[in-house]
Amino acid sequence: MTTRRRAFTLIELLIAIAIIAVLVALLLPAVQSAREAARRNQCRNNLKQIVLAAHGYNDANQRFCPAYVAVFDAGCPKVCRCGQPGTYNDFNVHTWGSLLLPYLEANDVYERIDVKAPLFSPWKSPTGACYTALNSGCPTTDPCAAARPIAKVIPTYICPSSLRNENPFLEKTQYWNCAYPTCCAECFKFTRTSGASDYIAVGGYWRTLENYYKTMTGKFTLDHHGVLNDTEGGVALFKMTDGTSTTIFCTENAGHPDFWARGINGGPQKLPFPTPIFHFVVSNPGGCWGCYRNAENWAQGSSFSGLAPGTNLASCVFNCSNENSVGFVFSFHPGSGGVAMSDGSARIINENISVAVLCNLITYRGHEVVPDSF
């Protein structure tokens with residue numbers, strides 16, 4: 001006598017599927033959290049590698065790398081603010097991101113850069129200076145644009161949590177002192193294929209944020225310059241009187257060239273580029289390691305939505321906006337963001353850190369007191 005084999009009923013199958021769905025729903029947040037923790041650790045490791053590279057540069061040059069280097073062109077028309085006497089603000093620009101390449105196992109990229117021409121070469125300036133070196137390329141005129149040095153993707157410069165559609169991407173350079181629309185508007189009107197960077201220099205803080213700092217603390221700072229400022233040719237360690245362990249070298253500021261802000265609903269939101277706080281006319285710059293605006297970046301603060309300038313009563317510099325020269329940190333890590341400290345360490349810090357404490361951490365000779373746990 002054979003025993004008839006009983007199959008699962010439809011109800012039993014539905015119950016089993018429902019149980020599996022509930023288990024997946026319970027496990028998914030844990031899996032996502034674990035993945036984000038891994039990405040956050042990788043981001044912190046990137047920041048650590050960057051500041052260790054800066055120490056390698058210091059060992060070779062007895063100072064940290066400057067925010068950027070440039071060579072003054074005497075033929076630059078001063079009425080357009082194209083340059084100033086000395087090694088400041090002129091066409092042959094090389095950024096801190098490019099100067100650190102030999103110390104980030106990217107010497108093969110660095111050796112292909114012609115240091116006698118700007119990173120955005122080939123280019124002809126309004127003054128007639130003509131640079132032909134193939135440091136970069138525009139894809140509409142250069143079929144090999146993606147193979148040029150400035151287009152190279154440097155893994156250490158990429159945060160795995162960052163949201164970006166493509167890398168390398170088309171970077172549209174904004175005005176650069178000499179290219180106000182009323183002056184030499186064609187000065188920097190070009191597009192280049194560029195390798196992205198989610199880490200940015202912070203020259204210091206000024207304007208609205210400086211006023212806000214004074215309102216919060218009731219005192220004037222002795223100095224509001226960061227380590228990667230544009231007024232010194234690299235800061236020597238002995239000048240860092242605030243101490244390297246309490247001085248930020250660089251910060252995470254991710255998502256460029258897209259504009260991201262906290263918006264009115266909270267959390268990072270990709271939005272149309274707003275009426276610029278700092279007069280950029282083409283893009284939200286600073287998103288590539290070879291971008292001039294990745295090197296000159298002074299924070300002014302924004303509203304807590306990131307959609308308007310800050311005021312002397314309230315100002316946000318952490319995870320509110322990634323607009324260039326607005327905040328210190330913008331990250332896709334929930335509630336936090338990464339900073340590299342000048343002693344060679346890196347930290348992921350809470351976005352609710354006091355603005356005053358963060359300003360004190362940015363300066364290297366302000367003589368401010370910083371708490372041990374920040």
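Author: Two strands pair if DSSP finds at least two bridges between them. Helices (H or I, at least four residues) and strands (E, at least two) are DSSP runs, numbered from the N terminus. This is a predicted model, in which local features need pLDDT of at least 70, side-chain atom pairs count only at pLDDT 80 or more, and totals for chains, interfaces and linings use all residues. Residues are numbered from 1 along each chain as its sequence is written, and side-chain values use heavy atoms, with hydrogens and water left out.

Reader: In which sense do β13 and strand β14 pair?

Author: Strand β14 covers residues 346-350. Gly338 stands opposite Ile348 in β14. Five bridges join β13 and β14, and the sense is antiparallel.

Reader: Which residue takes a positive phi in the hairpin of β13 and β14?

Author: The hairpin has four residues between the strands. The phi in question is near 100°, and it belongs to Gly344.

Reader: How many residues of strand β13 are buried?

Author: Buried means under 20% relative accessible area (exposed is over 50%, partly exposed in between; 1.4 Å probe, protein chains only). In a regular strand the side chains alternate between the two faces of the sheet. Ser336, Gly338 and Ala340 point one way from β13, while Gly337, Val339 and Met341 point the other way, and all are buried. Strand β13 (residues 336-341) is therefore largely enclosed by the rest of the structure, the buried count being six of the six.

Reader: What is the bridge partner of Ile200 in β9?

Author: Strand β7 (residues 199-200) pairs with β9 over two bridges, in the antiparallel sense. Five of the five residues of β9 are buried, so β9 is largely enclosed by the rest of the structure. In β9, Ile200 has as its partner Thr251.

Reader: What arc do the buried residues Leu209, Glu210, Tyr212 and Tyr213 of helix α4 cover?

Author: These four are buried in α4 (residues 207-217). They lie on the same side of α4, because the arc around the axis, taken from the directions from the helix axis to the C-beta atoms, is only 160°.
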